[in-house]
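Here's a quick walk through a two-chain model, one feature at a time. Have the viewer open and follow along.

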Amino acid sequence: MKLYTQVQHLLKKEIVLEWRSKYAFNGILLYVVSSVFVCYLAFKTTQPIVWNVLFWIIMLFAAVNAVAKSFIQESKGRLLYYYTIASPQSIIIAKTIYNIFLLLLITFIALIIYKLVFANTLGDPLLYIFTIFLGSLSFSTVFTMTSAIASKAGNSGTLMAVLSFPVIIPLLMLLIKLSKNAMDGLDRSVSYDEIGVLILINIIVVSVSLLLFPYLWRD
Amino acid sequence: MTIIYKKWWKILGTVLVFYTLIAGFLFKVPAKVILNESIRNVYFHVPVWFAMLALFGISVYYSIKYLRTNNETYDLVAVEAINTGILFYIFGLVTGMLWAKFTWGEAWSGDPKQNSAAIAFLIYCAYLVLRSSVEEDQKRAKISAIYNIFAFPIMIVLLFVLPRLTDSLHPGNGGNPAFGKYDMNSEMRIVFWPACLGWILISVWIATLRFRIRSLENKILDK
């Protein structure tokens, strides 16, 4: 119960801080929209496979940039303050949940714009949206932990990408496959394997993060 | 840790590897289409992967031990196990590529397991980059131990779960039977399993030697 209230407070703090500056949200949104537009100007029209893969690659880079901020922006003093009032588990849970919301919102807006400029038909829109949900979940669980590691190592941008890309590739491959199934409008039973493995990997990543974060956060 | 100074398992490993070198090339193997005599590579290609996995497993075990005790020796064991593991990764990849060249036609045929192995290699390169990016010894040990433990389950999924979901040329994936079920008879097994044990022991021996050299170097530097 204590964990629950702590997570609630920390999450509220994250959202309020974001609402006041709107820096991360607007920045990443602009990042996504301009990458979509650059791709549109470069490609003009795309084949369905390229359409799908391109979308996920844009989202991958946007997500790395969005989540990388979550620990790097915290000042040393503020981290010390968290240390006195909250448990490490509640901090990582709150950050992860906040990142899920942020990425969900950005991915949805990106999908709408992407769909608007690049004409393409979605065979099973509901499954595609579910894939986007799973994608935001996977990106935020993996990247939150790696951003914590990268921020402790002092070196931000490059290290974050180097550490997180190999870890996210298996998830990304599953997401691309799943969203391709959704795009082609295949029967949903075809995709059960991918959904199962994605959820399983997320459970593993979250539980490992919960176990390891307490060791990571105190210097 | 005193076991690393014992002799018996090093002798056992050497004997087993020499046994597989002789038996692997001279014993009878089933004649199969496409594979032909190249089936003997299973005595070398698969055991070095096993050795690599054993080393990475050891390094995760010692990373966990490091986080619990903050003893620098354990960090040294973890990093040397990974360094040796990367060496065996290269052995596994090269033997696999040679084999693929003769049986599948191309050294790199885009097989899911090959691709997964390449990604797993990136994980451990990232581990080494992470280590070199932190100056302070204790901080470096702690952060890299955390990344090592974090990445290990993902690597297991990458190598053993994902290839099974797609079509693969490797046995045991994409509906093909795993080794040991149909494609290996009892004559092959009496070479194969000793080979696995032998290569694991030899790889651990190399790792312990590296570990001992490094700890001696540290001792001299501390003086």
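## Starting in chain A

Let's begin with A:Ile15, which sits in helix H1 of chain A, the helix covering residues 2-21. This is a predicted model, so keep that in mind throughout. A:Ile15 has 15 C-beta neighbours inside 10 Å, so it counts as partly exposed; a residue needs 20 or more to be called buried. Look across to A:Tyr98 as well: 83 residues separate it from A:Ile15 in sequence, while their C-alpha atoms are 7.3 Å apart in space.

## How confident is the predictor?

For the complex, the predictor reports an ipTM of 0.86 and a pTM of 0.87. Chain B has a mean pLDDT of 83, with 90% of its residues at 70 or more.

## Chain B in outline

Of its 223 residues, 37% count as buried. If you take the contacts in chain B between residues at least 6 apart in sequence, 73% of them join residues at least 24 apart.

Buried or partly exposed: which is B:Leu87? It counts as partly exposed because it has 18 C-beta neighbours inside 10 Å. B:Gly85 has 22 such neighbours inside 10 Å and therefore counts as buried.

What does B:Gly85 touch, leaving aside residues up to four places away in sequence? The answer is B:Met52, B:Leu55, B:Phe56 and B:Ser59. As for distances, B:Gly85 and B:Trp9 are 76 residues apart in sequence and 19 Å apart from C-alpha to C-alpha. B:Leu87 and B:Ile200 are 113 residues apart along the chain, with 13 Å between their C-alpha atoms.

Now step back to the loop between H2 and H3 of chain B, where you'll find B:Asn70. Its phi is near 60°, a positive value in a residue other than glycine. Most residues other than glycine have a negative phi. B:Asn70 counts as partly exposed, because it has 14 C-beta neighbours inside 10 Å.

## Where the chains meet

On to the interface: 23 residues of chain B are in contact with 21 residues of chain A. On the chain B side, helix H4 (112-133) and helix H5 (137-165) each supply at least two of the residues that touch chain A. H5 of chain B gives the most, with 14 residues. Sorted by class, this side of chain B has 21 nonpolar residues, one polar and one charged.

Not counting residues up to four places away in sequence, A:Ile149 touches A:Leu163 and A:Leu216, along with B:Ile143, B:Ile146 and B:Tyr147.

## The nonpolar core

A:Ile149 turns up again in the largest nonpolar core, a set of 118 residues in which A:Ala63 and A:Ile149 have the most contacts. The helix that gives the most to this core is H2 of chain B (residues 42-69), with 16 residues. In soluble globular proteins, nonpolar side chains tend to be buried together.

Terms used:
Residues are numbered from 1 along each chain as its sequence is written. Chains are lettered from A and ligands numbered from 1 in the order in which they are written. This is a predicted model: local features need pLDDT of at least 70, side-chain atom pairs count only at pLDDT 80 or more; totals for chains, interfaces and linings use all residues. Two residues are in contact if their C-beta atoms, placed from the backbone, lie within 7 Å. Helices (H or I, at least four residues) and strands (E, at least two) are DSSP runs, numbered from the N terminus. Ala, Val, Leu, Ile, Met, Phe, Trp, Tyr, Cys and Pro count as nonpolar, Asp, Glu, Lys and Arg as charged, and the others, Gly among them, as polar. pLDDT is the predictor's confidence in each residue, from 0 to 100. A nonpolar core is a set of buried Ala, Val, Leu, Ile, Met, Phe, Trp, Tyr and Cys residues joined through C-beta atoms within 7 Å. A residue is buried if 20 or more other C-beta atoms lie within 10 Å of its own, exposed if 12 or fewer, and partly exposed in between; C-beta atoms are placed from the backbone.
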